[in-house]
Amino acid sequence: MAQDVIRVAGLKKSYFNEGVETPVLHGLDFAVPAGQFLAIMGPSGSGKSTLMHILGFLDTLTEGKYFFEDQDVSTLNEDQLAKMRGEKVGFIFQAFNLLPKTTVLDNVMLPLLYSDITGSQRMQLALDSIKSVGLEHRVHNLSNQLSGGERQRVAIARALIRKAPVIFADEPTGNLDSKSGAQVMQILQKLNMEQGHTIILVTHETYTAEHAERIIKLKDGLLMSDERVANRTLSNGELIK
Amino acid sequence: MELHDLVQSSWQSLLRTRGRSILTMLGIVIGIAAVILALSIGESATLFILSQISSFGSDKLIIHPGTKALTQLQSSSAFVDDTLTYTDYKRLRREPYVDAITAEVVQSDMVKAGSVNKSISVMGIMPDDLTIMGLSMSDGQFFSDADVEGRTRVAVLGISLADEMFGQGNAVGRSFKLGTLSYKVVGVLKQAGTQFFQNLDDIAYLPATTLLDAYNKKFFNAFIVKTRLPLDEATSRLEIAMREAHNIDNPTGDYSKDDFFIMTQADAIKTVSSITSILQILLSAIAAISLLVGGIGIMNIMFVSVTERISEIGLRKSLGASYQDILRQFLSEATMLTIGGGIIGFLAGSFLAWLAIQIINQYQRGWVFVISWNGALLGFVVSTLIGIIFGYLPARRAARLSPIEALRHE
């Protein structure tokens, strides 16, 4: 059995606003083996985004334990967390979050600003990454000249450039038409199957979630179900051999 | 994050909001341009004044009527005493260490010669003036001691004035009227340019005694003495001679008892420097205020920029940017704006100063444009500091944002 890349135990999260405590996650326990394609589902307000943010080192938990590659994340300081965000995880957001009026190349290279990778290596990594999402003909276009689907593929290339083991995708198809959405899901499946990235997908659509191997369902901050996907949707025939 | 990355990344950010970046810079541009303009013209003015004083020569002493100012900044008494007489002149001229001496008295009057009818400066001087001021004749002769003694109505003209009155090379032997009296031209000086703020070519020179008579005056404005002695020794000897001549009992050398005072070129330069340093302080104070305003403008815009870019900051943090990375990015954006503004301000200020010097030169020859390198250095340091100081608070606010709150902000 593959080693767990993520393990949480008794994970609780509350927000405090002017002394009022609002609990969001009520104690979650689960593990994600390396190389798994996991979907986290739930209605809005279920805490699925908060969970993803905690797993992606963007937010901190209130109680419980979170181990990433057997490292206790709660012992890390802000600088170490920044390093983890840079090296260990890549994010894909619903709203793409590209820098405006900036070329595809510069957008994809952005994470390298915060790495030790220098000069000529950067360009090669960026071009490889852009190629892997099929946008090599758009390298020098500005981000605002692209379609929604193309923008999300740029965001995927950006998430890949540091070869992070885990990719988080927060409603990646939420702003896309179904054709572009399918294309994005195809790329995610390919990354998972061919390059072994662990992928954690947050979505509220069952159809999208069924691209994953396993679905965790949350409701009101509690884990409702944790099941393997019986009839997994594959993006297209050529993808699976 | 390496410096090169930082600069490039900041540059790209500034370009994305080009219009606003330029407007923000404007405050610094104007501030620095004002500083450079003031300093550059100030340096030109100092240079001009010093060159005028230097043209006087370092081996000369000037004796003024009145009581010596005790400090550099105290002016001599408001009422200039009339104390320097023809008798004093003759007395000093007999002193063995006096190589040359002239007495000067200035008057303005209407000159009439042919079609020329205008107000000019008339100077009463002595024959030694030729050596003291380093003048030479273009035509004819300078007037003699006999002319001084006899108070004859003769005149030597500056070359521009001579040409204007009588046409080129025609002046010697001709007569002209000053006020109601007429004078005969005995000589014309070679071009002498501006010395001590006067255009020497536009003046009519009379024997000093003749001028005193013609205008009912008894006293000279100054004596100028050329000596081969060291100046401090000559000064004390002249003081003794003058006190004897004026019957002043002053064995202790108390200047407040004297009715004359002696200055050298070095004294004049000292006075000028003390005035210009006050001017520099004044200008710097004004410049500091305008730069402060510019700096607050930068801070204001950087705060707006941070607020507008909260989600970008969140994105950068999600991609691995640390507190330091974000802080440096915003600091370097602010600093690049101010340094850019400083460079443009330096160029604009220097250009305006150059233009101003061209215009001044239309009215007074001898001004030279100087680039104020002190000002350039000062401007560079100040604009960098403004960027860092006024950019710091907004940058810190950006860097402190929690990644998730920043990302959620839309």
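**Close-up views of a predicted two-chain model**

**View 1. The largest nonpolar core.** In this predicted model, the largest nonpolar core holds 68 residues. The residues with the most contacts inside this core are A:Ile6, A:Leu51, A:Leu55, A:Tyr66, A:Phe68, A:Phe168 and A:Ile200. Pick out A:Leu55 and look past its neighbours within four places in sequence: A:Leu55 is in contact with A:Ile6, A:Val8, A:Phe30, A:Tyr66, A:Phe168 and A:Ile200. There's also a second, separate core, this one of 46 residues, and it includes B:Leu157, B:Val188, B:Leu206 and B:Met242.

**View 2. Where chain A meets chain B.** Here 24 residues from chain A and 22 residues from chain B make up the contact. About 2200 Å² is buried between the two chains, and carbon and sulfur atoms give 59% of that area. Keep an eye on A:Leu58, A:Leu113 and A:Tyr114, which supply 29% of the area that chain A buries against chain B, more than any other three residues. Between the chains you'll also find 7 residue pairs in polar contact. On the chain A side, α1 (48–55) and α2 (78–87) are the elements that give two or more residues, and α2(A) gives the most, with 4 residues. That side of chain A divides into 11 nonpolar, 6 polar and 7 charged residues.

**View 3. A salt bridge across the chains.** Chain A and chain B have 1 salt bridge between them. B:Asp5 pairs up with A:Arg122, with their closest N and O atoms 2.7 Å apart. The pair runs from helix α1 (residues 3–16) of chain B to helix α4 (residues 119–132) of chain A. Both B:Asp5 and A:Arg122 are buried.

**View 4. A link between distant parts of chain A.** A:Glu87 forms a salt bridge with A:Arg162, and here the closest N and O atoms are 3.9 Å apart. A:Glu87 sits in helix α2, while A:Arg162 lies in the loop between α5 (148–160) and β7 (166–170), 75 residues apart. A:Glu87 is partly exposed at 32% relative accessible area, whereas A:Arg162 counts as buried at 18%.

View 5. B:Glu312 and B:Arg316 form a salt bridge, their closest N and O atoms being 2.8 Å apart. Because these two are 4 residues apart in helix α10 (residues 310–318) of chain B, about one helical turn separates them. B:Glu312 is buried, at 12% relative accessible area, and B:Arg316 is buried too, at 2%. Salt bridges with shared partners tie B:Arg309, B:Glu312, B:Arg316 and B:Glu333 into one network.

Notes
Residues are numbered from 1 along each chain as its sequence is written. Chains are lettered from A and ligands numbered from 1 in the order in which they are written. This is a predicted model: local features need pLDDT of at least 70, side-chain atom pairs count only at pLDDT 80 or more; totals for chains, interfaces and linings use all residues. Side-chain values use heavy atoms; hydrogens and water are left out. Contact means heavy atoms within 4.5 Å. Buried area is the accessible area (1.4 Å probe) that two parts lose on being put together, summed over both. A salt bridge is a side-chain nitrogen of Lys or Arg within 4 Å of a carboxyl oxygen of Asp or Glu. A polar contact is a pair of N or O atoms within 3.5 Å; within protein, one must be able to donate a hydrogen and the other to accept it, and residues adjacent in sequence count only if both atoms are side-chain atoms. Ala, Val, Leu, Ile, Met, Phe, Trp, Tyr, Cys and Pro count as nonpolar, Asp, Glu, Lys and Arg as charged, and the others, Gly among them, as polar. A nonpolar core is a set of buried Ala, Val, Leu, Ile, Met, Phe, Trp, Tyr and Cys residues joined through side-chain atoms within 4.5 Å. Buried means under 20% relative accessible area, exposed over 50%, partly exposed in between (1.4 Å probe, protein chains only).
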